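Good morning, everyone. Please look at the structure on the screen while I talk. I will start with the pockets, then turn to helices and loops.

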Amino acid sequence: QLVRTGALYHDIGKMVNPAFFHRKTSRESSPHKSLSYEQSAQVIISHITDGLKLAEKHNLPKVIKDFISTHHGRGLTKYFYISYQKTNILTKKWTRKSSASPGPNPFTKEQAVLMMADSVEAASRSLPEYTEESISTLVDKIIDTQVSEGYFKECPITFKDIATVKALFKEKLKTMYHTRISYPELKK
């Protein structure tokens, strides 16, 4: 119930600038088009601080505020940071620190599960096809990257817990996207 409640509130800061978070638009057709990559990253990062302000204004409990502040941890706004690096190869003045969420990283199992779920769900929307293999590969890649980048170092989650979460996410995504097994072709 705690993770479910945290999930309901973790992105409330997006209500401050909702047009910047519409999932069905490309950069070319979104308000991000008029911003630099650095400015876009700051808009994305601001949904955390905006969410905390809204939570404070509406007297949400600290445990819910913690989900808001930890759901991206100290992670980079990778899309904008990598895009900037690719297009500004010679200048590289934009630092990793200025493109990172304020954090902190998750410090409870529940916060870690929400971080994993948020990242996996968002990434799953960009899969070119929904197969059992593509979903499994995506879940493993996203969560293994979070583990290797140290997001869960301050959290009492175990490798067994992480394996359980991965398996659950794979099953849920297969259900969401109605994947079916591939039937073998009959030989004539």
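**Pockets, helices and loops**

Four helices each give at least two residues to the lining of the largest pocket: H2 (37-57), H4 (78-87), H5 (109-124) and H6 (132-148). Helices here are DSSP runs (H or I, at least four residues), numbered from the N terminus.

A word on the source. This is a predicted model, where local features need pLDDT of at least 70, side-chain atom pairs count only at pLDDT 80 or more, and totals for chains, interfaces and linings use all residues. Residues are numbered from 1 along each chain as its sequence is written, and side-chain values use heavy atoms, with hydrogens and water left out.

Now, what is a pocket? On a 1 Å grid over the protein atoms alone, a pocket is an open set of points where a 1.4 Å probe fits, with protein on both sides within 12 Å along at least five of seven lines; lining residues have an atom within 4 Å of a point. Its volume is the space filled by probe spheres set on the points, and grid points are joined across faces, edges and corners.

The largest pocket has a volume of about 1700 Å³. It has 44 lining residues, and Lys78, Tyr79, Ser119, Ala122 and Ala123 are the closest to its centre. By class, the lining has 17 nonpolar, 17 polar and 10 charged residues. The classes are simple: Ala, Val, Leu, Ile, Met, Phe, Trp, Tyr, Cys and Pro are nonpolar, Asp, Glu, Lys and Arg are charged, and the others, Gly among them, are polar.

Next, the second largest pocket. Its volume is about 450 Å³. Of its 17 lining residues, Ala7, Ala117, Asp118, Glu121 and Phe169 lie nearest the centre. Helices H1 (2-9), H5 and H7 (159-176) each give two or more residues to this lining. Which helix gives the largest share? That is H5, with six residues. By class, this lining has 10 nonpolar, one polar and six charged residues.

Stay with H5. H5 and H7 pack at an angle of about 35°, with their axes 11 Å apart. Axes are lines fitted to C-alpha atoms over the stretch in contact, and angles run from 0 to 180 degrees between N-to-C directions. Contact means heavy atoms within 4.5 Å. The H5 side of this contact includes Val113, Met116 and Ala117, and the H7 side includes Val165 and Phe169. The contact residues divide into eight nonpolar, one polar and two charged.

Is H3 mostly covered or mostly open? H3 (residues 62-70) is mostly covered, with seven of its nine residues buried. Buried means under 20% relative accessible area, exposed over 50%, and partly exposed in between (1.4 Å probe, protein chains only). Among the buried residues are Ile64, Phe67 and Ile68. The cover includes H1, H2 and H5.

Now the loops. Most residues other than glycine have a negative phi, and most peptide bonds are trans. Asn59 is not a glycine, yet its phi is positive, about 55°. Asn59 sits in the loop between H2 and H3. Asn59 counts as exposed because its relative accessibility is 67%. A cis peptide bond joins Gly103 and Pro104, with omega about 15°. Pro104 lies in the loop between H4 and H5.

Last, Phe21, in the loop between H1 and H2. Its relative accessibility is 16%, so Phe21 counts as buried. Leaving aside neighbours within four places in sequence, Phe21 is in contact with Lys14, Val43, Ile44 and His47.
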